Amino acid sequence: MKESEAADPRPYHHGDLRRALVEAAVRLVEADGPGAMSLRAVAREAGVSPAAPYHHFKDKSELLDAVAHEGWEKLDLAFQTARDAQTSPPDRVRELGVAYVRFAMTHPALYRVMYDCSRDKADMPAHVRENEESAYRRVKDVLISAGADPADEVGLELATIACWCAAHGLAEMTSFRQFDALKAELGGEDAFLRGVLSHVGVFAKGLQR
């Protein structure tokens with residue numbers, strides 16, 4: 001393995017090398033995109049030897065999975081903040097959608113890595129679906145607080161997917177120039193996002209299947 005053989009004698013002083021490497025990888029992805037990231041570049045960014053990343057990641061793909069995991073955790077926190085800022089359950093549902101789009105706009109490269117690393121897998125990452133603090137679970141919980149029946153597992157899953165897909169589609173399209181005039185008329189980006197989401201069924205009309 002060529003990169004690991006090119007030893008660099010510089011000592012590192014990180015208490016948690018894996019954490020430092022993931023944070024360095026996130027910085028590189030957000031600055032230059034995933035294509036610019038390599039284990040050597042990450043080692044350089046973290047201030048460690050070129051061999052150091054191989055103690056924790058066998059290759060770039062495995063490190064990108066860790067970067068994606070970091071992205072999901074950042075989205076979890078964004079959802080928590082949006083949920084806690086609202087008291088009305090319908091407002092919480094809508095604001096989760098707004099928080100999703102804001103996250104995608106603020107972290108576009110990281111957002112792409114999150115989905116690129118999930119697309120070829122049979123399921124979303126386990127921590128996304130199973131962790132009680134995950135963004136996906138937060139959507140379900142907010143829907144239940146807004147009136148969804150937790151015993152109706154299929155209906156709840158469909159409502160959660162509908163919310164997720166609506167926000168994902170809006171994130172893909174919100175930067176289109178054709179919406180600039182409407183955004184100005186409504187009073188800005190956030191007003192536009194809330195206006196669109198308020199016209200999407202699961203956000204606007206409750207949670208019937």
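This is a short talk on one predicted protein model, going from the whole chain to a few of its residues.

First, the ground rules. Residues are numbered from 1 along each chain as its sequence is written, and side-chain values use heavy atoms, with hydrogens and water left out. As the model is predicted, local features need pLDDT of at least 70 and side-chain atom pairs count only at pLDDT 80 or more, while totals for chains, interfaces and linings use all residues.

Now the chain as a whole. The secondary structure comes to 12 helices and 0 strands. Helices here are DSSP runs of H or I with at least four residues, strands are runs of E with at least two, and both are numbered from the N terminus. Of the 209 residues, 41% count as buried. Buried means under 20% relative accessible area, exposed means over 50%, and partly exposed is in between, with a 1.4 Å probe and protein chains only. The accessible surface of the chain is about 11,200 Å², and 52% of that belongs to carbon and sulfur atoms. Those areas come from the Shrake-Rupley method with a 1.4 Å probe; for residues, only the protein chains shown count as cover. Among contacts between residues at least 6 apart in sequence, 66% join residues at least 24 apart. A contact means heavy atoms within 4.5 Å.

Next, helix α2. Its 16 residues, 17-32, should span 22 Å at 1.5 Å a residue, and the end C-alpha atoms are 22 Å apart, so the two agree. The expected span is 1.5 Å times one less than the number of residues. Which residues of α2 are buried? They are L17, A20, L21, V22, A24, A25, V26, L28 and V29. An α-helix has 3.6 residues a turn, so residues three or four places apart point the same way. At the N-terminal end, D16 caps α2, with a side-chain oxygen 3.3 Å from the backbone nitrogen of R18. Just after the helix, G33 takes a positive phi of about 90 degrees.

On to helix α8, residues 135-145. Its buried residues are A135, Y136, R138, V139, K140, V142 and L143. K140 has a relative accessible area of 18%, which is why it counts as buried. Neighbours within four places in sequence aside, K140 is in contact with L156, E157 and T160. Just after α8, G147 has a positive phi of about 125 degrees.

D149 is in the loop between α8 and α9. Buried or partly exposed? D149 is partly exposed, because its relative accessibility is 44%. The side chain of D149 reaches the backbone nitrogen of A151 at 2.9 Å.

In helix α9 we find M173. M173 is partly exposed, at 39% relative accessibility. M173 and V101 are 72 residues apart in sequence, and their C-alpha atoms are 9.8 Å apart in space.

How many cavities of 30 Å³ or more does the structure hold? The count is 1. About 80 Å³ of space lies in the largest cavity. Of the 10 residues lining the largest cavity, F79, L96, G97, V139 and C163 are the closest to its centre. The elements giving two or more residues to that lining are α5 (89-106) and α9 (153-173), and α5 gives the most, with 4 residues. A cavity is a set of points on a 1 Å grid over the protein atoms alone where a 1.4 Å probe fits but cannot get out, and lining residues have an atom within 4 Å of a point. Grid points are joined across faces, edges and corners, and the volume is the space filled by probe spheres set on the points.

How values were computed. Polar contact = N/O pair within 3.5 Å; in protein donor to acceptor, adjacent residues only side chain to side chain. 1 Å grid on protein atoms, 1.4 Å probe; cavity = no way out; pocket = protein on both sides within 12 Å on 5 of 7 lines; lining within 4 Å.
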